[in-house]
Amino acid sequence: MDRTEPQQPMAEGDGDSPPKPSGATPPGATGAGPAEPSDAPDPPARSDPAETPRAPASPGPPGPAEAPEVPESSGVREAVEGSGGPASPGPPGPVEASEAPDPSGVPDASRGERRRPWVRRVGRAALVLVLALLVPLLAAGTALRVNYMGDPADGTYTRDRDAMWLGHAWVDGRKKDADVTALARRLEDTGIRDLYVHSGPLEHDGTLPKSAYPRARWLIDAVHRELPGVRVQAFLGDVLANGGPDGLHLDRAATRAAVVRSAGQVLDAGYDGVHLDLEPLHSGDRDYLSLLDDLRAVTRARDAQLSVAAHQIDPLPALHSVFGLFTEHPKWWSQEFFGQVARRVDQIAVMTYDTAQPLEGTYGGYVAQQTSLALEVTPPTTHLLIGLPFYHESNFDHWGHAETVAAAVRGARLGLSRTDPGRELFGVAPYIDFAATETNWNEYRNGWLRPNAS
C-alpha cells in the first residue's frame, strides 16, 4: 500500500488512507543481441573495366593495321563499333576531380563501406534490443487478453465471504454513529463479512501506541450492532527496512516479538482479528514466516482471525528473481512462497491492482491468471480473497481506464471457474472505502452479486 493517512483527527470527510497494498508491474523481458560482426574490413569493390583509369597511350595515332584489339565483351569495343570506326585517341583531356585516382589505391566506394560497419552494428544492436523488449511484451499482452476470453462458470458468484479495507478515520475520532449507519446500508445485501480497519501503523520497533486507535471499542460495538456477523480486524502494517537503515527490521527477533505483543494488544481492545500488511516483502523471507507462526499461536488462543495482504504471484516462472537483478525490491512472490504464507494464516488477500496493465482486457486476464495461481497453492482451509481496485487514478502503476472493478470481478470469476469452481472459502476484497466511487460499487454488485451478470 502506498498511501499513508494522517493519524491525528481532522475535519470530517477528509480523504485519509492507510498505505495501499501495491500490485504488480507487468513482466518485461530482455533478449540477447546478435553475434558481433567480424572486425575485418570488407573487400574492395571491383571496378568495371570501362570505368578504370587507364595510362595514357603512346604518342602518335596508330594506323589502321595497328588498331588495338578490344575484347568482344568490353564496353570500349561497343563504343568503337557504335561510332562507325575507330575512335581517335587524341590528347588526354583534363581529369575530373571525381575521376582522379585515389593515391591510396582504394576506390571511394570501398572506403565508404569501411567507414560504415560500426554504424550498421549499432543499428542492428538497437533493433535487436527493441525487438527483445517489444516481442515478449506483445506476446504477454496477447496471452493475457486470450486469458480474459470465455464465459465464467455458472455459480461463480459471491460466497458471502468478502472483505473490505477501511481507512483510519473509523478509529481516530472522525467517524460518528451516523457514519456506521450509512456503512451498514452500503454493505447491506453484499457478501462483505470482514472489515480490515487501519489501526496502525506499527512503529519501526514493532510496537503500537494505543493512541493510534482511540475509538476502536466504539467502532467494534457499533459494527456488531448494525452489521451482525461482520468481523472487525485491526489492519496493521509498516514499511520494511529490507537491509536499509529505516523501517521495520523483521530480521531482529526483538522486533518480531514486539509485533506479536502488538497483535495481542489489539485483540485485548476487542478486535476480531489481526490483518497484517508489511511491504515491500521479498519472496522467500523466512523471518516473515517465523513471525506468522508466532502470530497464529496468539490468534488461535483468542479464537481470532489472522489475515495478511499478499503480493502478487510471479506471472512468469522466477520473474521475481529476474527483476531482482534490476530493482532493489521486486514486486512479486514465487508461487511456492505464496503457498507457504497461505498455510500459516486464516485469510490471505491478494493485492491484484497497481499492475501497470494498459488495457481492461489484459488487466482482467491478469487477474484471472493471479486467481488461478493463488488457488493452486492455497489450501482449502484458508480463505482466499482477490483484491478489487475501489479507487480511480491514472499513473504508470495504475491506469484507471484499464484497472476497473468490472474487469477484476470477471477475471476472478474466470480464474475460479478454471481452477476450483467449488471453492467455498473464496471472495473478493475492495480497497478502499473512502476512495470508492458509485461506479465501483455498481460494478461490484452487478458482476459479483447478481446471478444474471457475467
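1. Asp-268 counts as exposed, at 59% relative accessibility, whereas Arg-302 is partly exposed at 40%; buried means under 20% relative accessible area, exposed over 50%, and partly exposed in between, with a 1.4 Å probe and protein chains only. The two residues form a salt bridge whose closest N and O atoms are 2.8 Å apart (a side-chain nitrogen of Lys or Arg within 4 Å of a carboxyl oxygen of Asp or Glu). Asp-268 lies in helix 6 and Arg-302 in the loop between helix 7 and strand 5 (305–310), so the pair ties together parts that are 34 residues apart in sequence. Helices (H or I, at least four residues) and strands (E, at least two) are DSSP runs, numbered from the N terminus.

2. This is a predicted model, in which local features need pLDDT of at least 70 and side-chain atom pairs count only at pLDDT 80 or more, while totals for chains, interfaces and linings use all residues. Residues are numbered from 1 along each chain as its sequence is written, and side-chain values use heavy atoms, with hydrogens and water left out.

3. The whole structure contains 10 salt bridges, and one of them joins the side chains of Asp-287 and Arg-256 at 3.5 Å, N to O. Asp-287 belongs to helix 7 (residues 286–301) and Arg-256 to helix 6 (residues 253–268), so this pair ties together parts 31 residues apart in sequence. Here Asp-287 is partly exposed at 26% relative accessibility, and Arg-256 is buried at 14%.

4. In the salt bridge between Asp-172 and Arg-174 the N to O distance is 2.4 Å. Asp-172 is buried at 4% relative accessibility, and Arg-174 is buried as well, at 3%.

5. Thr-156 is placed in the loop between helix 3 (117–147) and strand 1 (162–166), and its relative accessibility of 0% makes it buried. Leaving aside residues up to four places away in sequence, Thr-156 touches Arg-413, Leu-416, Ser-417, Pro-421 and Trp-448, where contact means heavy atoms within 4.5 Å.

6. Helix 5 (residues 216–226) has buried residues that include Trp-218, Leu-219 and Ile-220, and their cover includes helix 4 (177–187), strand 2 (192–198) and strand 3 (231–239). Arg-215 lies over the face of Trp-218, at 4.3 Å from the ring centre; a charge sits over a ring if NZ of Lys or CZ of Arg is within 6 Å of the ring centre and within 35 degrees of the ring normal.
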